[in-house]
Amino acid sequence: MNGLNTILIVLGLFLAGGVYSFQKQKMPLSVVILLAIGSVMCLVAGVLRIQGIWE
């Protein structure tokens with residue numbers, strides 16, 4: 001595992017926490033959806049890089 005994988009996964013988890021927090025604060029749904037999409041993209045990219053599928 002290299003640094004970029006770690007950064008992507010940590011960023012994805014950070015954004016996932018933001019989704020939960022924004023949802024609790026009743027933020028606009030569009031903001032919550034954009035944050036969720038960003039979180040999923042970071043987590044998937046990190047996992048794919050760990051698996052060696054995406055270089």
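Trainee: Which residues are exposed on the other side of α1?
Mentor: On that side of α1 you'll find I7, V10, L13, F14, Y20 and K24 exposed. Exposed means over 50% relative accessible area, buried under 20%, and partly exposed in between (1.4 Å probe, protein chains only). Keep in mind that this is a predicted model: local features need pLDDT of at least 70, side-chain atom pairs count only at pLDDT 80 or more, and totals for chains, interfaces and linings use all residues. Residues are numbered from 1 along each chain as its sequence is written, and side-chain values use heavy atoms, with hydrogens and water left out.

Trainee: OK, and which residues of α1 are buried?
Mentor: Those are N5, L8, G12, L15, G18 and V19. They cover an arc of only 150 degrees around the axis, which puts them on the same side of α1. The arc is that of the directions from the helix axis to the C-beta atoms.

Trainee: Why do residues three or four places apart point the same way?
Mentor: An α-helix has 3.6 residues a turn, so residues with that spacing point the same way.

Trainee: What do the buried residues of α1 pack against?
Mentor: They pack against α2, residues 29-51.

Trainee: Is S39 buried or exposed?
Mentor: S39 counts as buried, because its relative accessibility is 4%. Leaving aside neighbours within four places in sequence, S39 is in contact with G12, L15 and A16. Contact means heavy atoms within 4.5 Å.

Trainee: And what about M41, buried or exposed?
Mentor: M41 is also placed in helix α2, but at 57% relative accessibility M41 counts as exposed. Together with L29, I33, L34 and I37, M41 forms a nonpolar patch on the surface, with about 530 Å² of accessible area together. Patches take residues with over 30% relative accessible area and no salt bridge, joining like charges within 9 Å and nonpolar side chains (Val, Leu, Ile, Met, Phe, Trp, Tyr) within 5 Å. A salt bridge is a side-chain nitrogen of Lys or Arg within 4 Å of a carboxyl oxygen of Asp or Glu. The areas come from the Shrake-Rupley method with a 1.4 Å probe; for residues, only the protein chains shown count as cover.

Trainee: Switching topic, how many helices and strands does the chain have?
Mentor: Two helices and zero strands. Helices (H or I, at least four residues) and strands (E, at least two) are DSSP runs, numbered from the N terminus.

Trainee: What happens just after α1?
Mentor: K26 takes a positive phi of about 60 degrees there.
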